[in-house]
Amino acid sequence: MTGFDAVLLSYDEPMANSLHSRLQRTLGGTVKRLHGVHGMRRAYRLCAEVVDREQFFLADGDFAIDAAFDPATVEPLDDGVSMRVWRAVNPVNGLTYGYGGLKLIRRSALREMGEAVDVLAALPGRIEFAQHTAGITRFNQSPFHAWKAGFRECAMLARGSEYGMADDDACQRLQAWTTSRSGEFAAYAAAGAREGVTFAREAARDPQRFDHLNDPAWLRERFTAAHGDQAVSG
């Protein structure tokens, strides 16, 4: 690995250990691990404290990096850029965009992060979206994890993207998520997506409710109430 540290941020993803090993093999160096931190904003901020370099790769605990990804070709972030996001393939609906993708991020930007529902949208400075695909976001590891991914992403898309996404793009992605039918547990991802859209409409009258999207316990309770205790934890 050249020039950058790396962190895998996991919470309860069943495949996190194997995906951590895959990330280390591909990047060619030690990838640090931050696991089980409650509160997404707090977890991201803590990533800044476990690295030694200003710029570092950050991967979610369900990201499966493409073995052909070459870190030696990655250019550092320009001045004024806080994060670069590579695309990831979505296994249940065929979309390929920044959701769940690999990131190159500044430690200082995480320390100065503001408030947003989509946590990393509150970084200071600009965010770059790379046109290349770096891997697959393997969020569909259990019924609960597939549902949670659809619920959170579609609640945020329906609310209005904090990254400045065009309305037409958001609508196309909502359509794809709510009709997910490929891959394991796709039906749960589609159900979560539809329920996330409904939640966004309800929460529009009480915006503080959107904070629940970053509360793992609340999400699990919501899933269980609607679908029974189908969750599989790591």
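Visitor: Before anything else, what counts as a salt bridge here?
Guide: A side-chain nitrogen of Lys or Arg within 4 Å of a carboxyl oxygen of Asp or Glu. Keep in mind that this is a predicted model.

Visitor: OK. How do the side chains of Asp 12 and Arg 220 meet?
Guide: They form a salt bridge, with N to O at 3.1 Å.

Visitor: How many salt bridges are there by this rule?
Guide: The count is 9.

Visitor: Back to Asp 12 and Arg 220, which parts does that pair tie together?
Guide: Asp 12 is in the loop between β1 and α1 (16-27), while Arg 220 belongs to helix α7 (residues 216-227), so the pair links parts 208 residues apart in sequence.

Visitor: Where are the domains?
Guide: Domain 1 covers 5-137 and domain 2 covers 143-227. Taken over C-alpha atoms, their centres are separated by 21 Å.

Visitor: And how many residues from each are in the contact?
Guide: Domain 1 contributes 24 residues and domain 2 contributes 28 residues.

Visitor: How much area gets buried between them?
Guide: About 2,000 Å², and 59% of that is on carbon and sulfur atoms.

Visitor: Which residues of domain 1 lose the most area to domain 2?
Guide: Val 92, Tyr 97 and Val 117. Together they make up 33% of what the domain 1 side buries.

Visitor: What about polar contacts, how many residue pairs between the domains?
Guide: There are 6 residue pairs in polar contact between domain 1 and domain 2, with both residues at pLDDT 80 or more. The count of salt bridges between the two domains is 1.

Visitor: Which elements supply the domain 1 side?
Guide: α2 (40-50) and β8 (126-137) each give at least two residues to the side that touches domain 2. The residues of that side divide into 16 nonpolar, 4 polar and 4 charged.

Visitor: Switching topic: how many aromatic pairs does the structure hold?
Guide: It holds 17 aromatic pairs.

Notes. Residues are numbered from 1 along each chain as its sequence is written. This is a predicted model: local features need pLDDT of at least 70, side-chain atom pairs count only at pLDDT 80 or more; totals for chains, interfaces and linings use all residues. Side-chain values use heavy atoms; hydrogens and water are left out. Domain bounds come from an automatic or database domain assignment. Contact means heavy atoms within 4.5 Å. Buried area is the accessible area (1.4 Å probe) that two parts lose on being put together, summed over both. A polar contact is a pair of N or O atoms within 3.5 Å; within protein, one must be able to donate a hydrogen and the other to accept it, and residues adjacent in sequence count only if both atoms are side-chain atoms. Helices (H or I, at least four residues) and strands (E, at least two) are DSSP runs, numbered from the N terminus. Ala, Val, Leu, Ile, Met, Phe, Trp, Tyr, Cys and Pro count as nonpolar, Asp, Glu, Lys and Arg as charged, and the others, Gly among them, as polar. Rings of Phe, Tyr and Trp (its six-membered ring) pair if their centres lie within 6.5 Å; planes under 30 degrees apart count as stacked, over 60 as edge-to-face and the rest as tilted.
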